Amino acid sequence: MAVQLRRPILVGGIGLSFGLWMLQGIHESVAQFDEVGVIGAIALGTGLWFFQKRGSSKIDLSPLSSPLERATVEQAIAQTQRVIDLVEIEIGDQKQLRQQLAQLTAELERQNLQVAIVGGKGVGKTHLVKVLQSDWLPQQSQSVNLQDTPTLFVSNQAPEVIPDSDLVLFVITGDLTDTEFQTLQQLKAVNQRTLVVLNKQDQYLPTDRALILQQLRQRMSELLPADDIVEISASPAPVKVRQHQPDASLQEWMEEQTPDLTALTQRISQIFTQEAQQLVWASTVRAASALKAEAKAQLNQARRDRVLPLIEQYQWIAGATAFANPVPALDLLATAAISTQLVIELGGIYQQQFSLSQAQSAAQTLGSLMFKLGLVELSTQTIGGILKSNAFTYVAGGVVQGVSAAYLTRLAGLSLIEYFQEQEIGANAATSQPLNLERVAEKLKKVFQENQRRAFLQGFVKQALGRLRSESAQAEPTPL
Ligand SMILES: Nc1nc2c(ncn2[C@@H]2O[C@H](COP(=O)(O)OP(=O)(O)OP(=O)(O)O)[C@@H](O)[C@H]2O)c(=O)[nH]1
Ligand SMILES: [Mg+2]
């Protein structure tokens, strides 16, 4: 039993005794799962980009978001400024980001309101814009800009982009499709003020109209208040009129119908009177987030460039260690001892300060996660298979362990990059948070999948063999 306990973790089949030994560590990790909440990070482009549904991020469905305070908007701008400051420190002057930042502050006082008309194919967007422009806009004291937009939901591939605006008129013609519903959820999630406009109501009998509207309001009750769902006819079809003439003949003609936008224009006027300031502030917060995301992406790219060589360095150290001491010395803890230093160094670059003990437990956690997710076993098996099936001339004892250790260290490092990249920048830089295990596990799985292709692994094995061979020039490897 004692002998088995000392079996190296990176050898293919992992013994039961080792599993038991790991249990305590895993236990701790599982307990931490409950403590840590799910991070729901919403990334914004210049417009609103609709990302594919993410399994874990929950969308807030509370009926009404609380009103924005000016201080909150200023805080959002200040946060963006902090990230841009960092970009300048780490990368250099950022004229364009600075200019955009200056615009944000000016945005706070903006008087002109942007209204975007969006929706699927042929729902009547263009007709609606025209009628609003000719019949409604001229009577407004408020300065308004109406924007017709390209058809949504035409391609499954391209991400749907809704131009950033103060108010979105989301046009539909009947019941909501699932895609439309999801889009509305996403708009709500980024605090985009939206009205749902049910167009082409001239096509229904008045009794049906009432029913359709009622059902729609019910279905969307978690998303929008009933007042924000209105019915209109932007361009009603002409109606055939028949008239009996005194001479008993029947005369027929088509009669043009006038558009009916009353419910919509009333609601918009109300919103402009009551919420104009809020609309502009909400847009400013979204613009600040978008700019922050842009700055953060630059920062992340630059940091990644600095971190990758570090990971490479550590992966070869881990590989060499496991290769030179394949039997007793290498267990998970030995690898973890190396990754502790890696956690500290990576954390330093991402401004996540870890104490030695925090980094140790983070490294251990990573190790047990990799084990629990089956990555250790899978990797060693695949690598063993590649070594066997390719007639590599140099297959000495400890090679599987060495290559696997390097590979697993690389996975751990890349997962940490992904994890650190989505952490809030500037906030709590001094008090570092414990790793959110659920999130780290997601990153591990993602990175593992991305690096699991056979072609990549074959290349990696080849490269690792080269490294290990040069290591062995100094020390003779122990036979397996
Ligand atoms: N019956 C009826 N037809 C309407 C109404 N509004 C628009 N239409 C018709 O719907 C068709 C499409 O109208 P558009 O305004 O071009 O629709 P759109 O959403 O801009 O279309 P795309 O830009 O192609 O996505 C036209 O034939 C309009 O006449 C309405 O209230 N009632
Ligand atoms: Mg159109």
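## Helices α3 and α4

At what angle do the axes of helix α3 (residues 70-90) and helix α4 (residues 95-107) cross, and within what distance do they come? In this predicted model, the two axes cross at roughly 170 degrees and come within 11 Å. Because angles over 145 degrees count as roughly antiparallel, α3 is roughly antiparallel to α4.

On the α3 side, the contact is made by Ile-77, Thr-80, Gln-81, Ile-84 and Val-87, while α4 contributes Leu-97, Arg-98, Leu-101, Leu-104 and Thr-105. Sorted by class, the contact of α3 with α4 holds six nonpolar residues, three polar residues and one charged residue.

## Helices α4 and α8

Helix α4 also packs with helix α8 (residues 262-324), the axes of α4 and α8 coming within 10 Å and crossing at roughly 170 degrees. That angle makes α4 roughly antiparallel to α8, and the crossing in which α4 passes α8 is left-handed.

The residues of α4 that make this contact are Leu-97, Gln-100, Leu-101, Leu-104 and Glu-107, and those of α8 are Thr-284, Ala-287, Ala-288, Leu-291 and Ala-295. By class, the contact of α4 with α8 divides into seven nonpolar residues, two polar residues and one charged residue. Leu-97, Leu-101 and Leu-104 of α4 take part in the contact with α3 and also in the contact with α8.

## Helices α11 and α12

Helix α11 (residues 375-389) packs with helix α12 (residues 399-421) at an angle of about 130 degrees, and their axes are 9 Å apart. This angle makes α11 oblique to α12, and the two helices cross in the right-handed sense.

The contact is made on α11 by Leu-375, Val-376, Ser-379, Thr-380, Ile-383, Gly-384 and Leu-387, and on α12 by Val-399, Val-400, Val-403, Ser-404, Tyr-407, Leu-408 and Leu-411. By class, the residues of the contact of α11 with α12 comprise 10 nonpolar, four polar and no charged ones.

Five strands, placed in the order β3-β2-β5-β6-β7, form an open sheet in which the pairing is parallel. The edge strands, each of which pairs on one side only, are β3 (144-148) and β7 (229-231), and from one strand to the next the twist averages 25 degrees.

Within the sheet, strand β5 (residues 167-172) pairs with strand β6 (residues 194-198) in the parallel sense over five bridges, and Leu-169 has Leu-195 as its bridge partner in β6. Helix α5 packs on the sheet, where it touches β2 (113-119), β3 and β5, and the direction of α5 makes about 160 degrees with that of β3.

## The shell around ligand 1

Ligand 1 is surrounded by 18 residues, of which the closest are Gly-124, Lys-125, Thr-126, His-127 and Thr-151. By class, this shell around ligand 1 has four nonpolar, 10 polar and four charged residues.

Which helix gives the most to the shell around ligand 1? Helix α5 (residues 125-136) does, with three residues, and α5 is also the helix described above as packing on the sheet.

Terms used:
Residues are numbered from 1 along each chain as its sequence is written. Chains are lettered from A and ligands numbered from 1 in the order in which they are written. This is a predicted model: local features need pLDDT of at least 70, side-chain atom pairs count only at pLDDT 80 or more; totals for chains, interfaces and linings use all residues. Axes are lines fitted to C-alpha atoms, for helices over the stretch in contact, and angles run from 0 to 180 degrees between N-to-C directions. Helices (H or I, at least four residues) and strands (E, at least two) are DSSP runs, numbered from the N terminus. Angles under 35 degrees count as roughly parallel, over 145 as roughly antiparallel, 65 to 115 as roughly perpendicular and the rest as oblique. Two residues are in contact if their C-beta atoms, placed from the backbone, lie within 7 Å. Ala, Val, Leu, Ile, Met, Phe, Trp, Tyr, Cys and Pro count as nonpolar, Asp, Glu, Lys and Arg as charged, and the others, Gly among them, as polar. A residue is near a molecule or strand if its C-beta atom, placed from the backbone, lies within 6 Å of it. A crossing is left-handed if the near helix is turned anticlockwise from the far one by less than a right angle, and right-handed if clockwise. Two strands pair if DSSP finds at least two bridges between them.
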